[in-house]
Every structure is written in C-alpha cells, then in structure tokens.
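Work through the exercises below with the model open beside you. Try each task before reading its solution.

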Amino acid sequence: MTAAVFFGCAFIAFGPALALYIFTIATDPLRIIFLIVGKANDGLKTINPDEPAPSMRLLAYVSGLGFGIMSGVFSFVNTLSDSLGPGTVGIHGDSPYFFLNSAFMTQVIILLHMFWGIIFFDGCEKKNWYPLLAVILTHLLVSALTFLNPQYEVSLVSAYMITVLTGIRAFFVAGGSRRSLKRYLLCQDKNFLLYSQRSR
Amino acid sequence: MATAGGGSAAELGSRGLLCLLSFCVLLAGLCGGNSVERKIYIPLNKTAPCVRLLNATHQIGCHSSISGDTGVIHVVEKEEDLQWVLTDGPNPPYMVLLEGTLFTRKVMEKLKGSTSRIAGLAVSLAKPSPAAGFSPSVQCPNDGFGLYSNSYGPEFAHCRDIQWNYLGDGLAYEDFSFPIFLLEDENETNVIKQCYRDHNLSQNGSAPVFPLCAMQLFSHMHAVLSTVTCMRRSSIQSTFSINPEIVCDPLSDYNVWSMLKPINTSGTLEPDDKVVVVATQLDSRSFFWNVAPGAESAVASFVTQLAAAEALYKAPDVTTLPRNVMFVFFQGETFDYIGSSRMVYDMERGKFPVQLENIDSFVELRQVALRESLELWMHTDPVSQKNKSVQSQVEHLLTTLEESGAGVPTVVLRRLNQSQPLPPSSLQRFLRARNISGVVLTDHATVFHNRYYHSVYDTAENINVSYPGQQSPEEDLDFVTDTAKALADVATVLGRALYQLAGGTNFRDTIQADPHTVTRLLYGFLVRANNSWFQSILRQDLRSFLGDQGPLQHYIAVSSPTNTTYVVQYALANLTGKVVDLTREQCQDPSKVPNENKDLYEYMWVQGPLNSNGTERLPYCVRSTARLVRAVSPAFELGQWGSTEYSTWTESRWKDIRARIFLIASKELELITLAVGFGVLVCSLVITYCVNAKADVLFIAPREPGSVSL
C-alpha cells in the first residue's frame, strides 16, 4: 500500500514506544542497557560504582518497555514490510483495514507490556501472587482477543479497555495516587518536597 | 511476552509458560501460517511475456519500468469497451485485459497512442483461434536478407510481386513502451475477470468505488536502442569490469546435419565429390517469448524431412550411390536466416566439410502441411535461371522430382506458370553466394496457406492433427492421423527424388516413408513431448528437456542447444543410425575402439526403452552421422554489429519477469493513515514529555531507599 501507509502504520504502532524511549531512556545509557538486556548484573555495578543504582520500579518499567518493543517489532515488522508494496489486503475477502488494525493492536501490546512489567515486578517484590496471576491471565485474554479478528470493533475496543484498566493499575502500583494526580494536573508541586526524597 | 519476569519465584511460572508457548507454536504450525503477502497478492504463474529483441537499427517488443507497471484492470471484450480505458475511466492508468480476437493492429494503434492511460496489456488466448487468421509477423518475411534486392532481381525485391504473408500485420516488429503478457491458462483469466466483476464495475455510470482490482507486470529489459548499442555496452563491461553486466545476447543455436554416406569431418571434401543438399528449418516464433508452436511453419517440414531421411537410409545400395546426400536442419531462419547464412559463410571459408562447389543441387522443404487438392508446388528462382546452364540444371531437377512423384498418386507436383520469385527460404542465402540449381517445395503457389504464420495459434489444430478423445497418451502416440499420412506421402516423394538425384536407379520405388514414424514425431513435437518414444531416444541427462506435459516450443532463444535441436538430432540419429555393440565408456570415447572412427561418425549413448518390468532402462549406443554445427550469425564473428548483410538479431537480458493481481486502496485512505500516524506520534511525544517532566510529582517513591536486587 505504498510509503504513506508504511509510515502511518509504523508511527501508530511504535509512536508511543518511540516517545517513551526518547524522553525517558535515551537520556541515560544505563537504562538503555536495561532495556536491551532486561536485567542488570554485577558487572554493571563495577563499571559504574559512582552512579546510584536504579530503583526496582525503574527497572520494571524499562524491562517492560523493552519486552514490549521486542514483541511489537517481531510481530509487526513483517506486516509493515508487506505494506510497502502497491497492494492492500482484501483480494481473498479479508478486511481492507488490516494494516491499520494491526498497527493499533501492536501499539496496545507495547503499552500493555510496559504496564505488565511494572505490575509483575511489584508483585514479585512484595511476594503477592495475585498480581502475577492477573498479568498472566490478561496476557492470555488479550492474545485470545485476536481470534475475534476480523471483527476489529470487538477485539480492538476490548483490548483498549483492558489497556486503560491495566494502565490505571500500573499507575497506582508505580507510586501514583489520586492526590498526586490532582497535584500534577493543578501544577502544584511545592508540598511534594515535604513528603519524600527524590529517588532515581 | 512476559516470560522470565526476573524474579526467582516466577521460575516455575516461566517454565509453565514455556510449555504453553511451544504448544501454541505447534498449534499455529498445524493451522498453517498465513503470510500477509498471500493475503494481498495472487501471482499469475502461467503467463508468457513479450520481450525486447534488437537488430542493427531498431528495437522491437515490449518493456516495463524497473519496479513493474501497475494499473487498474479493465476487461475489454468488444471494441466499445476501449473507450473507458482511453478517455472515460477516472482511475488511469489502466491494465487492459484483451480478448484474443481483439489483438489486432487497429486496437494496438489506439493503445499505443495513449500510453499515459495504459499501464500494460494482458492478452488472453482466443479459443478457438481467430477465424479471420492472425499473424503478427510482417508481410514480407526476412526482407533485405534474402536473395532479391535492388541490385539483384529488383522486380521481386521487398515482395513487390507477391506479399507472401498477406495476413501479416507486423505487430511483432513494433516497439511498445508498456508490458504485454499472454495469459495461457483459462483458469487464471477467469480469476482476473472475477476480481474485475467484484470490484471494478461501476454502478450506473458513476465511478467505481475503491478498493479496486489491479494488476502489476514486471518485464524490465536491460538492452536499449539497437544491437550496436547493446553489444558495445556489453563489450565495454566485459573488458573493464570485474563483474560484467551483459545487456543482450545474440540469438544463436546449432544447425543439425547428417550425411547419407559418412564423410571425414576433420577435412573437406574433394571438389569432385558432389552432394545433394536437402534443407528445412527448425524454428519459429510468435509475439510472445518462448511461445512458438510453429506447426505449419516449421514442425511439419522438419518432420517430413526426418521421415524422408529414414526412408532413404533404408535403401540397399546407399553406400554405392555416386553422389552423397546432406540433410540439414537450419536453426534461426525466422530471424533473417541465421543458420543458413552461417553455413554459407563457413562453406566459403572452408570451415565446413562440404563446400559450395560440392553442391550439386538443393532441395528445400518449406510449409508443406496445408496442401490443397494434393498439390505440392515447386518454386525456383527466375533470376539465376537467366543463365542457360543453371536453367538446364534446374529443369533436370524439376523433371527428376516429377518422375519420383509419379509413383505417389496422393502428391501432385506442380510447376509454376509464370516467373515468380522464391518464397522466403534458405535457398535464397545459397543463391546469394553461388548460382546453384535449387527448388523449394511448398503447399502454396503464391501467398501462404498458413493463416497463423508465426503466431501462438500455429498449433496442431492448424494442420488438422487431432486425436479422438478418451485415449491414453501412449495410444495417441501411435495413432496415425490423416495429416501424418499426407506428410508421409510427401516424405516418400522427397526420398525417391533424393535417391534419383544422388544417382540411384534400381531401388527408387521401394523407398517408402513410414506414416507411423511421422505420426509419432508429430505427436511429440506438437502435442506432448514427454512420451515414451522421445524418452527412449534421448541421452539420460537430456530427459528434462522434454518438459512435463505439452509440446516443445521452437524458439531459437539464446542458450544453446535448445530442446528442439537436441530432440531433432537424437531423432535423426535414431532413425538413420545403427545400433552398435559398445559399452558406455567405449561409446563416449570411441577413439580406443578399433573399427570405430570419431571423424566419420557421431556416437551417442541413449537411454533406451523401459524394460518389461517398467523399472529400468536398457541403454545402448547409436552410431550415426547426425551432428550439430554452430549457428551464430557471421555478423557477431566479424564484429559487424550494424551489418546489413548478415542477421544481427539479439535478445535483451532481464532480471525479473512475473505478473500478479491485488487490490489497491484509494489515495485518501492512504493519506488518512499517514495523518493518523503523525497525530499519534505527536500526541505521544507531547504526553510523554509532560509526564516525564513532572514524574516526581506523579510517582511517589517508596520510603525505603530503592535498591536493585542484582
């Protein structure tokens, strides 16, 4: 479907991940390594003894994003390369919106991986098994939703709803609260310094 | 996929997940992986392209752009449908799917005139063949390379007297800037038409709605302008480049020849040794590449000559005949006499065992399968007969032919009343070099009887070769058709005439061609090459040359020897040679064997028939005089790529030739997708920046100083 569709779908699928990478990971090389490797080992500590060790939550977020990007790339790159050609899906009766829907689904998967990473790490740290089970079950649920394709309305809308719910849960797990959200939206941060140390 | 989550507690979970994952992969494999490409494209496998051919001054044929030409499909079944393509249609360029009967000069002129609206053309084969005849060749084949020119017989030059191929519209010699493909399979044509009916038909005159069904044709040709240009570029490449990019190849192959009495091929004949030459052509062509059924234009004549050779070799006193007989099958005669001009060139320079002065007389077989009222016409050259001695020799030749034909009532030999030029024939090239007495035998007195000369419709049907249905291929192989009987009669006449011309007297009327051989040859070359007889006469490594099903195509091509050349050589060896008791090693190298001489004979180790169990072959060694001799135009030997004396035909090289159909989306949908993509990217960047800038407000860290469990 030519270059317009190729770039459009690539941006839809990888836009959020790219934005997250540019602003949160690219600034710190250590985070890039966590992104790729997925876990740190002692060697890294010896290389950079002066830098404060990253927190568990940051590790969770970075590794979740890393897995999400890997999964997104592996599942979508093949489809993207076919979108460069002159033809679109449909000659055998499939839906002509195949590329758009694949792109949105990939975006959903990447975001979900990031949220799952945060929830899963937190569950493991607090030795709480219910979040782990929830992560695994929602993962299976979202994958099973793709069986409903090509009824894209059902599968995509449900996947987005699950993403929003998981996102909210991850927000709370990562340390957010209704109060911090209110403070953020009202641009208040003076009181914050009284409560806790900043930790990176 | 949240597999190894990083915590030790998740190890059990991860192993379970791994099992689940492998199960899912297995399931996916069982369901059959559905590649996205298969959802989009339907490849068209049974197509034949039109490629670019070049000669000294021009390029002919078709060509596409390097990344293929795409167009919305429009089916043209009557001439009025063309209006949509040329003016009315709102989504140019169009890919026209043309009915075979509409593939005429008139329609092609219209299409050529509006190349901005035409992306390409796909022609479907007309079943049955167009009733009015169809010939994409020119009306005067091989004009300018034959005998008659403005300096020799000007009243006959450029077919002033007779337009031999009167139905020819010259399409095959035009240059098209868009690709043209032939759709050989009716099922594929129906798939395309169904896609067109489903998506491309407009409702009540309004524009059809996207997505539309489109076709893409790839046939990018590397050579341009002319042979001079492409050969120059190729030679510069091969001189200066480590990895040369050759852009075109000369059309070349091998001629097949054999002698009735074996001669020493390492030297040349004595001037007193006289030879009667009988010649025919092996090749044909059509508008499309490598599609050349050539039933009437080539196959019928060389099959007749093979049968005549078999009959003549059986005569008892062959070894004592005063004169020798040379059977030669020229390759490349379609393209300005490549084979015959090369043989004359070699003869003049002493590179061929037989020289021009050894030729006593020349008999040529041209199109002989469509005889009307049993008549077989004898054409001679009027200009050379102005010389009295030549005239008396020709007279003697014609009388001999008539005497030999007297004993075969089903063939009536006729002379021509007025002085008429020779039809396009290899004899013309020999007469250019020397005044020899020659005759060309054809089924037509003036214009061709072949209404499908050099077209895709010159098939078995054109010469009335048909088989009753419900028979197995082996039964069809041995079924003697009427055409086979008629051609066998012509072969008998030819065989007897050659015997008499060679000086034989006693056994002339015992020479009889076998209709069974003729019918088997016709079946193999026109209907199905992969039959038991062809399999048994070929060498083992040439088995694949017979293809799977279907006839052989007789286009000269650029890689040699072609299938037809090999099969004709081995058939000639089988029909005229002798089985000798040699082992495989001896057969492949007979120099060590006493009494066997590689200069006199050619030794072939052939597969042989299947044994009674049908499991193994019984190979044997055949000794014959059937040989191959190189047939490349002398223009390439001499480096005269712009020659007007010798054939300069070359074929362009290409990388990729294929065709496929798919749906295309509207430009609006594509731009919307791009806009949405940009929107998502910009939104994500903005949101992430905002969240990241105030992340310390949003996310409160836990009380314990965070430490990574490493």
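Predicted model: local features only at pLDDT ≥ 70, side-chain atom pairs only at ≥ 80, totals over all residues.

A charge sits over a ring if NZ of Lys or CZ of Arg is within 6 Å of the ring centre and within 35 degrees of the ring normal. Residues are numbered from 1 along each chain as its sequence is written, chains are lettered from A and ligands numbered from 1 in the order in which they are written, and side-chain values use heavy atoms, leaving out hydrogens and water.

**Exercise 1. Find what lies over the rings of B:Phe176 and B:Phe218.**

Step 1. Take B:Phe176. The charged end of B:Lys112 sits over this ring, 5.3 Å from the centre.

Step 2. Take B:Phe218. B:Arg658 lies over its face, at 4.0 Å from the ring centre.

Step 3. Return to B:Phe176. Ring pairs link it into a cluster whose members include B:Phe178, B:Phe287 and B:Tyr457.

**Exercise 2. Classify the ring pairs of B:Tyr566.**

Step 1. Recall the rule. Rings of Phe, Tyr and Trp (its six-membered ring) pair if their centres lie within 6.5 Å; planes under 30 degrees apart count as stacked, over 60 as edge-to-face and the rest as tilted.

Step 2. Over all chains, the structure holds 36 aromatic pairs. In one of them, B:Phe545 and B:Tyr566 are 5.4 Å apart centre to centre, with 75° between the planes: edge-to-face.

Step 3. B:Phe545 is in the loop between helix H14 (532-537) and helix H15 (563-576) of chain B, and B:Tyr566 is in helix H15, so the pair ties together parts 21 residues apart in sequence. Helices are DSSP runs (H or I, at least four residues) and strands too (E, at least two), numbered from the N terminus.

**Exercise 3. Is B:Gln385 buried or exposed, and which side chain does its own meet in a polar contact?**

Step 1. B:Gln385 has a relative accessible area of 17%, so it is buried (under 20%; exposed is over 50%, partly exposed in between; 1.4 Å probe, protein chains only).

Step 2. Locate it. B:Gln385 is in the loop between strand E15 (375-379) and helix H9 (388-406) of chain B.

Step 3. Its side chain makes a polar contact with the side chain of B:Thr380, at 2.9 Å. Such a contact is a pair of N or O atoms within 3.5 Å; within protein, one must be able to donate a hydrogen and the other to accept it, and residues adjacent in sequence count only if both atoms are side-chain atoms.
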